[in-house]
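Please read the following briefing alongside the sequence and the three-dimensional view.

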Amino acid sequence: MGRAFNFSAGPAVMPEAVLHQAASEMLNWHGSGMSVMEMSHRGKEFISIYEQAEADLRELLAVPAHFKILFMQGGGLAENAIVPLNLSQGGAMDFVLTGSWSQKSLKEAGKYGTARVAATAQPDDFTTLPSPATWQIGADSRYVHICGNETIHGVEFHELPDLKALGCDAPLVVDFSSHVASRPVDWSRVGLAFGGAQKNLGPAGLTLVIVREDLIGHALPHCPSAFDYKLVADNQSMYNTPPTYSIYIAGLVFQWLKKMAALPPWSSATSSRRSCCTTFSTAPACSKTVSPKTAARA
Ligand SMILES: Cc1ncc(COP(=O)(O)O)c(C=O)c1O
């Protein structure tokens with residue numbers, strides 16, 4: 001049908017099966033007489049869509065019970081502000097600079113507290129990852145931020161750092177915008193992970209935040225209510241109107257991924273695709289981790 005080969009970093013290609021299903025359900029979802037985008041977010045139909053999506057994502061990413069999954073808005077860039085508003089408690093935060101996205105995170109966090117550089121690969125033009133053993137993390141650190149995959153500079157953590165092994169009790173914050181669901185996550189090393197859905201898991205408009213429960217409930221007084229993780233969590237991500245249609249489509253992608261038999265097969269499909277992209281392309285955006293969505297075409 002003349003579909004393009006779409007290697008955009010995001011919004012990116014969707015599984016065709018999901019697009020077909022959404023098209024067939026467009027005017028009348030499961031006999032409700034409504035499109036999903038016409039439903040009340042408080043009605044039983046949408047609540048069932050939301051709960052299924054959350055459960056499927058929890059299963060796909062093996063998210064432990066003591067983590068909350070929040071469906072938010074504003075994208076990765078908004079989280080650069082929302083994370084310090086919720087986790088900094090007015091103290092200091094440490095950033096590992098591995099490319100332009102972590103640089104942006106550092107700059108934004110500086111508006112809400114003391115944002116420090118724990119390590120930087122800038123002298124190497126962001127072609128390397130500083131070894132965790134060399135990171136300078138303050139004893140008073142409220143959290144340590146990394147970008148799991150630097151979409152522009154093309155540098156990716158293949159293994160998350162073990163902060164505890166470095167003698168650091170601060171939680172690790174991971175921007176997983178461009179490689180979420182392309183590999184398993186070791187949640188024992190993570191305090192919070194965030195990312196927009198649009199690269200790997202669905203349409204733009206949905207931001208995923210997966211956060212350890214004990215980190216919730218410490219927002220700064222001037223944190224906007226709609227961005228206070230406690231209010232969002234206590235209201236099942238419906239303190240304000242959530243991005244209902246994006247959640248629905250992402251939910252279909254989660255179901256499609258479950259049918260595809262989960263992470264290991266994607267990983268091999270996606271890593272061979274990634275090496276193809278990085279070997280043959282000079283366009284920086286192509287150095288991104290290829291997503292489960294693009295694996296649909298692999
Ligand atoms: C690693 C990373 N973080 C953050 C962002 C910004 O995300 P958003 O456009 O959802 O705000 C991007 C977007 O490309 C990204 O690749």
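Cys147 has Asp175 in β5 as its bridge partner. These residues belong to a model that is predicted, in which local features need pLDDT of at least 70 and side-chain atom pairs count only at pLDDT 80 or more, while totals for chains, interfaces and linings use all residues. Residue numbers start from 1 along each chain as its sequence is written.

**The sheet**

- Strands β4 (residues 141–147) and β5 (residues 172–175) run parallel and are joined by four bridges.
- Strands are DSSP runs of E with at least two residues, helices are runs of H or I with at least four, and both are numbered from the N terminus.
- Two strands count as paired if DSSP finds at least two bridges between them.
- Seven strands form an open sheet with mixed pairing, in the order β1-β7-β6-β5-β4-β2-β3.
- Its edge strands, β1 and β3 (114–120), each pair on one side only.
- From one strand to the next, the twist averages 20°.
- Angles run from 0 to 180 degrees between N-to-C directions, with axes fitted as lines to C-alpha atoms, for helices over the stretch in contact.

**Strand β7 and its partners**

- Five of the six residues of β7 (residues 207–212) are buried, meaning that 20 or more other C-beta atoms, placed from the backbone, lie within 10 Å of a residue's own.
- β7 pairs in the antiparallel sense with β1 (residues 67–72) over six bridges, and Phe67 stands opposite Arg212 of β7.
- β7 also pairs in the antiparallel sense with β6 (residues 192–196), over five bridges; here Phe194 has Val209 as its bridge partner.

**Helices on the sheet**

- Helix α4 (residues 100–109) lies across β2, β3, β4 and β5, and runs at about 165° to β2.

**Around the ligand**

- Residues surrounding the ligand include Cys147, Asp175, Trp101 and Gly196; a residue counts as near if its C-beta atom, placed from the backbone, lies within 6 Å.
- Helix α3 gives the most to this shell, with three residues.
- The shell divides into four nonpolar, seven polar and one charged.
- Nonpolar covers Ala, Val, Leu, Ile, Met, Phe, Trp, Tyr, Cys and Pro; charged covers Asp, Glu, Lys and Arg; the others, Gly among them, are polar.

**The core**

- The largest nonpolar core has 72 residues, and Val144, Leu192 and Ala250 have the most contacts inside it.
- Such a core is a set of buried Ala, Val, Leu, Ile, Met, Phe, Trp, Tyr and Cys residues joined through C-beta atoms within 7 Å.
- Helix α6 (residues 244–259) gives the most to this core, with nine residues.

How values were computed:
Buried ≥ 20, exposed ≤ 12 C-beta atoms within 10 Å, placed from the backbone. Contact = placed C-beta atoms within 7 Å.
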